[in-house]
Amino acid sequence: MTKKLKSVFYIEKVPGNILKGLGWVKVDTDAAQKFNIRRKYTETVKIKNYEPYCCPIYPEDLSEYILFDHKPYHYIYLPKVRNSHKRFSVQFKQELVTLFAQKSLTVKAVGEWVRTWASTDAKLITPGNKTLTLDGDSTTENAFVYFIFNIDSKAIKIGMAKNVEKRLKSLQTSNPIILELLHTIHLDSVEDAQKLEYVLHQKFSHLRMNGEWFEASEELRTYIKHAPVSYSQSLDLSEPKPYRSIPLSQL
């Protein structure tokens, strides 16, 4: 599987106060270009230091009060990008954009940055699996219906989970064959995910091999290819709309 290129963006750790430092967020380059995400900081930031040289006003002997270690400027350096991160997702324009953020960044910092390029109806999914609107309001707990492919048995598992990455690791532990996550569909609640999972199990019951594993037929592959990345409450869970989506190779 080809590794996707990532673009790095530097954002304020405390929104509106750059003196508190910068953090980094990585985004797939394709998504960054598609949604026209712009870089605000690209190099060390130099800010004039307006703190006084001395405390008294009009001292008789200025030399007694001058702080000789006073720095005329603050320098805000770009942090080093590391492999360790925490994962956010943005549900935006019927797509799910994955963000890899520096561990020290807060949800508020990431949310304020997302505001600069996403529409107001976008939703931010936190590492703790909570879905937030961009004004910070919490919504229901999100869940996913996933499609996992076993290349050896040519079977696809249709299941649901609140944390797909954890579920994939659990399945892989007991399976010597490499499993591949083909696609996920995000839903606003566990209840909706369970409903969609049931509908899909019924829809493809003629392809069932065992339990939640189904034959990787052309019919099922076509469904996955055209399945959306998310469902809103207004959509009919029984039949996804036939528009193309971006498969999630990682979650």
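This is a predicted model: local features need pLDDT of at least 70, side-chain atom pairs count only at pLDDT 80 or more; totals for chains, interfaces and linings use all residues.
Which residues point one way from β10, and which the other way?

**View 1. Strand β10, a mostly covered strand.** Here's the answer: A155, K157, G159 and A161 point one way from β10, while I156, I158 and M160 point the other way. Whichever way they point, all of these residues are buried. The strand runs over residues 155–161, and seven of its seven residues count as buried.

**View 2. β10 and its partner β9.** Strand β9 covers residues 143–150 and pairs with β10 in the antiparallel sense, over seven bridges. If you want a landmark, look for F144, which stands opposite A161 in β10. The two strands form a hairpin with four residues between them. Check out K154 in this hairpin: K154 takes a positive phi near 55°.

**View 3. β10 and its other partner, β13.** Strand β13 is made of residues 213–215, and three bridges join β13 to β10. Once again the strands run antiparallel.

**View 4. A salt bridge between E212 and K157.** Six salt bridges turn up in a search of the whole structure, and this is one of them: the closest N and O atoms of E212 and K157 are 2.2 Å apart. E212 sits in the loop between β12 and β13 and K157 sits in strand β10, so the pair ties together parts that are 55 residues apart in sequence.

**View 5. A salt bridge between R87 and E165.** The side chains of R87 and E165 meet at 3.5 Å, N to O. This pair links distant parts of the chain, 78 residues apart: R87 belongs to strand β5 (residues 86–92) and E165 to helix α3 (residues 164–173). E165 is partly exposed, with a relative accessible area of 33%.

View 6. R115 and E112 form a salt bridge, with their closest N and O atoms 3.4 Å apart. Why are they separated by about one helical turn? Because they are three residues apart in helix α2, which spans residues 107–115. Both partners are partly exposed: R115 has a relative accessible area of 40%, and E112 has one of 32%.

**View 7. Where to be careful.** The chain averages a pLDDT of 81, and 80% of the residues score at least 70. Over residues 62–68, though, the pLDDT is below 50, and this stretch has nine contacts in the model beyond near neighbours in sequence. The pLDDT is also below 50 over residues 233–251, a stretch with 60 contacts in the model beyond near neighbours in sequence.

Definitions and conventions: Residues are numbered from 1 along each chain as its sequence is written. Side-chain values use heavy atoms; hydrogens and water are left out. pLDDT is the predictor's confidence in each residue, from 0 to 100. Contact means heavy atoms within 4.5 Å. Buried means under 20% relative accessible area, exposed over 50%, partly exposed in between (1.4 Å probe, protein chains only). Two strands pair if DSSP finds at least two bridges between them. A salt bridge is a side-chain nitrogen of Lys or Arg within 4 Å of a carboxyl oxygen of Asp or Glu.
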